Amino acid sequence: MPLSEHEQRLLDQMEQALKVEDPKFASHMVAHPSRSRLRRRVAIGVCGVVVGLGLVIVGMTIAQIWLGVVGFAVMVAAGAYAFKPGHQRELGTVQDDGSVNTAHPRRQTRTSGGFMQRLEERWDRRRGEGW
């Protein structure tokens, strides 16, 4: 049942007041679509593991090794799909007006060669300190 125009206006006013009074809380109350994607991914992964396990059992029962191998591969693929990390959101700070600022200062990138060069620099510093 949809809200009436009056109820919708009241709800919008309450939402705006909440954003002004406590923008951090208001930003946490927004539904994140990534949660539903994660649930769907885990559900598909669990179903795939169950199907793969069924194939392994059927392959063992009818003595078809190739079917058991296929079932195992399905189980591994479904498990990997279920636990694959999704897209990571960029974190930011909540501003006074309720908006989120995702701009971060530039991170320092290492321009000093590779791993071995950094190890050699550490070694030289330690030797210079009298270790």
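Rings of Phe, Tyr and Trp (its six-membered ring) are taken to pair if their centres lie within 6.5 Å, with planes under 30 degrees apart counted as stacked, over 60 as edge-to-face and the rest as tilted. By this criterion, a search of the whole structure returns zero aromatic pairs. The structure is a predicted model, in which local features need pLDDT of at least 70 and side-chain atom pairs count only at pLDDT 80 or more, while totals for chains, interfaces and linings use all residues. Residues are numbered from 1 along each chain as its sequence is written, and side-chain values use heavy atoms, with hydrogens and water left out.

The protein chain contains five helices and two strands, arranged along the sequence in the pattern α-α-α-α-β-β-α; helices (H or I, at least four residues) and strands (E, at least two) are DSSP runs, numbered from the N terminus. Of the 131 residues in the protein chain, 11% are buried, where buried denotes under 20% relative accessible area, exposed over 50%, and partly exposed the range in between (1.4 Å probe, protein chains only). The accessible surface of the protein chain amounts to about 11700 Å², 61% of which belongs to carbon and sulfur atoms, as computed by the Shrake-Rupley method with a 1.4 Å probe, with only the protein chains shown counting as cover for residues.

On this surface, Leu-38, Val-42, Val-46 and Val-50 form a nonpolar patch with about 330 Å² of accessible area together; patches are made of residues with over 30% relative accessible area and no salt bridge, like charges being joined within 9 Å and nonpolar side chains (Val, Leu, Ile, Met, Phe, Trp, Tyr) within 5 Å. Val-46 lies in helix α3 (residues 33-61) and counts as partly exposed because its relative accessibility is 47%.

One salt bridge is found in the whole structure, defined as a side-chain nitrogen of Lys or Arg within 4 Å of a carboxyl oxygen of Asp or Glu. The side chains involved are those of Glu-15 and Lys-19, at 3.6 Å from N to O; because these residues are four apart in helix α1 (residues 5-21), they are separated by about one helical turn. Glu-15 is partly exposed at 39% relative accessibility, as is Lys-19 with a relative accessible area of 31%.

Phe-72, in helix α4 (residues 65-83), touches Gly-52 and Val-56, not counting residues up to four places away in sequence, where contact means heavy atoms within 4.5 Å. Phe-72 and Gly-52 are 20 residues apart in sequence, with a C-alpha to C-alpha distance of 5.9 Å.
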